[in-house]
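Look at the sequence and the model below. Then follow the chain with the text, one stop at a time.

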Amino acid sequence: MPQYNLFLFLKSYATPQTSTNLLRSLSRTVISSGGVVRSIENAGLRKMPHRVKAKFQDSKGIRYHDECRLVSMRFIASPGELSAISRTVREETDVVKSSLNRERTEMEEAKGERLKRNKWA
């Protein structure tokens, strides 16, 4: 099973309980499918390089965010479970932006294999 990195950009005023509940549900999804959660890191409040637009305006009337709370999660899971994980992240209202990436294995790095790129670019 491949290893993945999930980066979540949460609203700066999101409560700690909200982020804890989100990470707990994501961890349960990974573990229930036979995967392993390697680490969860909270990088705290970070200034964004540009304004990030949320999908919807929230109850406070804020739609654009200059600061976000960065949380990352490293886990090993089957590729079939990624749809459930991404669905959970999409449904959360406090997530402004997310990124799910597969880590390259040591064998891929040793071989010097490159990731697939657009041949037209």
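This is a predicted model: local features need pLDDT of at least 70, side-chain atom pairs count only at pLDDT 80 or more; totals for chains, interfaces and linings use all residues.

**A walk through the fold**

Strand β1 and strand β3 (residues 64-76) pair in the antiparallel sense, over nine bridges. Two strands count as a pair when DSSP finds at least two bridges between them.

Residues are numbered from 1 along each chain as its sequence is written, and side-chain values use heavy atoms, with hydrogens and water left out.

Which other strand does β1 join? Seven bridges link β1 to strand β4 (residues 95-102), and the two run antiparallel. Here L6 has L100 in β4 as its bridge partner.

Buried means under 20% relative accessible area, exposed means over 50%, and partly exposed lies in between (1.4 Å probe, protein chains only). Eight of the nine residues of β1 (residues 3-11) are buried, so the rest of the structure largely encloses this strand. In a regular strand, side chains alternate between the two faces of the sheet.

Take L8 as an example from β1. L8 is buried, with a relative accessible area of 1%. Contact means heavy atoms within 4.5 Å. Beyond its neighbours within four places in sequence, L8 contacts L22, L23, L26, R69, L70, V71, V89, V95, K97 and S98. L8 and L100 are 92 residues apart in sequence, yet their C-alpha atoms are 8.8 Å apart in space.

**The whole chain**

Step back. The protein has three helices and four strands. Along the sequence they follow the pattern β-α-β-β-α-β-α. The C-alpha atoms fill a box of roughly 50 × 40 × 25 Å along the principal axes. Of the 121 residues, 32% are buried.

The surface comes next. The protein exposes about 8300 Å², and carbon and sulfur atoms supply 50% of that area. Such areas come from the Shrake-Rupley method with a 1.4 Å probe; for residues, only the protein chains shown count as cover.

V30 sits in helix α1 (residues 16-32). V30 is buried, with a relative accessible area of 0%. Leaving out residues up to four places away, V30 touches G35, V36, V37, M73, F75, I76, A77 and I85. One of these, F75, is 45 residues from V30 in sequence, but 7.6 Å away in space, C-alpha to C-alpha.

H65 belongs to strand β3. Is H65 buried or exposed? H65 is buried, at 3% relative accessible area. Apart from neighbours within four places, H65 contacts K11, Y13, M48, H50, R51, V52, A54 and V96.

K47 lies in strand β2 (residues 36-53). K47 counts as exposed, at 64% relative accessibility. Beyond its neighbours within four places, K47 is in contact with D66 and E67. K47 and G34 are 13 residues apart along the chain, and their C-alpha atoms are separated by 36 Å.

**Charges**

The protein has 23 positive and 13 negative side chains, and the centres of the two sets lie 4 Å apart. Lys and Arg count as positive, Asp and Glu as negative; His and the chain ends are not counted. Each charge is placed at NZ of Lys, CZ of Arg, CG of Asp or CD of Glu.

Side chains of opposite charge can pair when their charged atoms come close. A salt bridge needs a side-chain nitrogen of Lys or Arg within 4 Å of a carboxyl oxygen of Asp or Glu. How many does the structure hold? The structure holds one salt bridge. E103 forms a salt bridge with R74, and the closest N and O atoms are 3.2 Å apart. This pair links distant parts of the chain: E103 is in the loop between β4 and α3 (106-111), R74 is in strand β3, and they are 29 residues apart. E103 is partly exposed, at 23% relative accessible area. R74 is also partly exposed, at 30%.
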